[in-house]
Amino acid sequence: MNNQTDNKKDNKTDNLTLFITLCEILEDISKTKKRLEIQEILSNYFKKINNDSSLLITVLYLCTGRIAPDHYNKEMGIGETTIIKVVSEVTGLKVQKIKQEMSVTGDLGLIGMKKRVSQLFVSKQPKLTVFQVFHTLQSLSEEQGFKSINSKINKMISLISKSNPLETKYLIRLFEGKLKIGLALKTVLISLSQAFSYKRYDVDSASSITSSSITNSVLPITDSHIPHSTPHTYSLNSDCSEEVKFAYNKCPVFEELIPLLIKHGPYQLNNYCKMKCGIPLKPMLAQPHNNINNVYKKLQNTHFTCEYKYDGERAQIHKFDNTFMVFSRNSENLTEKYPDLEVNISKFPYKNFILDTEIVAFDFCNQKILPFQLLSTRKRKEVRVEDIQIEIQVFIFDILFFEDTELLQYPLQHRRNILIKYFSNPNTKFKIVTFKDISDVDSKVDFDLDSKLDNGSKLNGDNLINDKNIINSISKDNNKTEDNNINNDSNINNNITEDNQIQEDNQIQKDNQIKEENNIQEDIIQSIENFLAQSILDGCEGIMIKTLTTHSTYTPSKRSSNWIKIKKDYLQNISDTLDLVVIGAYYGKGKRTGNFGGFLLASYNDETDCYESVCKIGTGFDEQILSSISYKIRHGLTISSNIGGESDGGRGIEIEEKEIKEIEDRDREDNNNTIKEININDNTNKTNSIINNNNTNNIINNNTNNIALCIPKPPPNYIYTHNTQPDIWITPTLVWEVKAAGFTLSPIYKSGQHSNKKGISLRFPRFIRERTDKKPEDSTTSSQIVSMYNLCNNTEENEDTDY
């Protein structure tokens, strides 16, 4: 009997390791768009395997379409042409036939599932496990060079030959790196937390900052510096998603996270899941704002600081074991790009640290910050120090880890004190960010209006009692003369006059207090504006405003209202540029014939893993940039553009030449007005002469990782309307920085679409530059666009708003 029970358990475990089991779960998810249903389906599956660390880790990577943590820089390197060849081999279809099928389905996975030939099932193949699939995908990333293509194709065919049709569908999608079922990383982490929330764990007294770390701290620490943690009480099935997301964001490696989650549970996870040098945590982000007055109101009665916002590349710098590593904001390893930092880092004689920084191109002769475009001309791989032409300066604005001590939970003031004391070395390319601390907490007059009014009320009460005594005295003594009555009346009038005087004095004091507070507010706002103006004169793109003491911990991956960014064009309606994904292109006409004349842009919905159309763009490009963009897109062309989805016969973008000219004229006028309003000398806006010696194509970086492919049909996760359908659909790889004059509700765009069926679009969008440092998933999200729309329209606190 026991043997039968054990056999059943083994069979159950074996079934959970099968790839078909995971495929069935993914197929169920693909049939619903409801976020809560998706979480329930996935969490129920995770519950069945939440005691098997190896299995759960493998499944998590497959669910997110990854083969390794981001900072490993591992990619399978499989292009669409290669996958089409594989589909041709396993289905018996000719390549041209597959391309025609693509124009109908737009999905190679569906084609592979539907067209599998029966010969593959003649001999019974052993069932695929998730381990076999994952290890094969990892081995594909290790194949390098031109000759590796045939080897990769053989491995892919071998894997598919062991699969049934449903497995084939998801194998092909894994080769592409996209499951296309609307399963975002955030949803996976929430489902993971739910899979562990029902279990009971032993609660101990471990804290996120141990006593040993406090004792060994590099600075004297008072009680006010220590972030105390109280014992966590919880009920089964309570929401613990924030705990799991926080742990993942500070240590985004499933191999580190899952064993601790299984052993200690989600509620204590952050007591044991620690930061590690060499593993980049997800960076904290700032909220854009367009009004300094409103920013002051948010931060009133707090200590806050203003910092320069440099126009460079955000970088996380790790030092450990006598080596160093540099990571981008999306965890890409950039160490090879900056070999000249090694000598500078070695001048800091500390065991380990993690710095949050901004790297800018810098002219040391003139002590001047150079434009970001120059920094983007640096090679990314195999850079030799002797070949470097563009020098860099590293501005440090935060420290997250120092001498084996995590600093995330410490206030910014304390973290900055460490920077100032230990990283102010003038003989390096490292420099502390320029900052100015501002606070009105200590400036206010100690004036308690309520207590003053209470005292006044008591005086008035005493006078009323005296009045009654006088009246009673008059009524009792009828023999008093008329003169005495007159004198008594006079005393009453005097008392009333005194009461009025007291009230008047209180009002004057209140008015003076309000006036003084207004003067303080005006002085602080003027101080912020002056700091912003000076930052622009010094070559920056704006300032950051951060809380300094209270609510000033570092929260990885969070876009926090405790960090606010204001750029130099904050006086315009939109306070920040947007990073949008190119999903389509329109044929050019007139002088743009032969190139693409406009593009369809989308925001990323991180809840549904979809790209929601937000605007068309046709301005901001000169002819050289436009030619470069068109070449870049056509360079990745693998499918003939004329077999795409429905086309309007090459109508081109619906912006006439006259309208384009009007928009460009308006852009120039807006820029001139902004400069005048901030009182910046025109000379500061002149581009450094070095740019003139560089080709304009530097704005469009030819990084092979960002090659965009034309596709004949939009993927299922493209959300758009027929009115905006482009001539050519493009894979979501290009991220562009875009500036606009404002937001507007639109029935034909889908970004942030709400119950009123209208989405949000941009007014007069214009191209600024390509963001090669960002993946599509790191672009501006639809929820951020909703927040920015509310901010610009003063609806963020309006309960009646549609957004």
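**Exercise 1.** In which helix does Ile418 lie, and is Ile418 buried or exposed?

*Solution.* The model is a predicted one. Ile418 belongs to helix 19, which spans residues 412-422. Its relative accessibility is 1%. Buried means under 20% relative accessible area, so Ile418 counts as buried. Phe402 is 16 residues away from Ile418 in sequence, and their C-alpha atoms are 8.8 Å apart in space.

**Exercise 2.** Determine the strand order of the five-stranded open sheet and explain which strands stand at its edges.

*Solution.* The order is 1-12-11-2-10, and the pairing is mixed. Strand 1 (285-288) and strand 10 (435-439) each have a single partner strand, so one side of each lacks a neighbour in the sheet. On average, neighbouring strands are turned by 35° against each other, direction ignored.

Next, consider the pairing of strand 1. Strand 1 runs parallel to strand 12 (residues 559-567), and four bridges join the two. Leu285 has Arg559 of strand 12 as its bridge partner.

Finally, locate the helix on these strands. Helix 16 (residues 292-299) lies across strand 2 (303-309), strand 11 (542-547) and strand 12. Relative to strand 12, helix 16 runs at about 155°.

**Exercise 3.** Compare the span of helix 9 with its expected value, and identify what covers its buried residues.

*Solution.* Helix 9 (residues 148-161) has 14 residues. From first to last C-alpha it reaches 20 Å, close to the 20 Å expected at 1.5 Å a residue. Its buried residues are Ser148, Lys152, Ile153, Met156, Leu159, Ile160 and Ser161. Their cover includes helix 5 (80-91), helix 8 (130-142) and helix 10 (165-176).

How values were computed: Residues numbered from 1 in each chain as written. Predicted model: local features only at pLDDT ≥ 70, side-chain atom pairs only at ≥ 80, totals over all residues. Heavy atoms only, no water. Pairing = 2+ DSSP bridges. Axes fitted to C-alpha atoms, helices over the stretch in contact; angles between N-to-C directions. Contact = heavy atoms within 4.5 Å. Buried < 20%, exposed > 50% of the residue type's maximum accessible area, 1.4 Å probe, protein only. Expected span 1.5 Å × (residues − 1).
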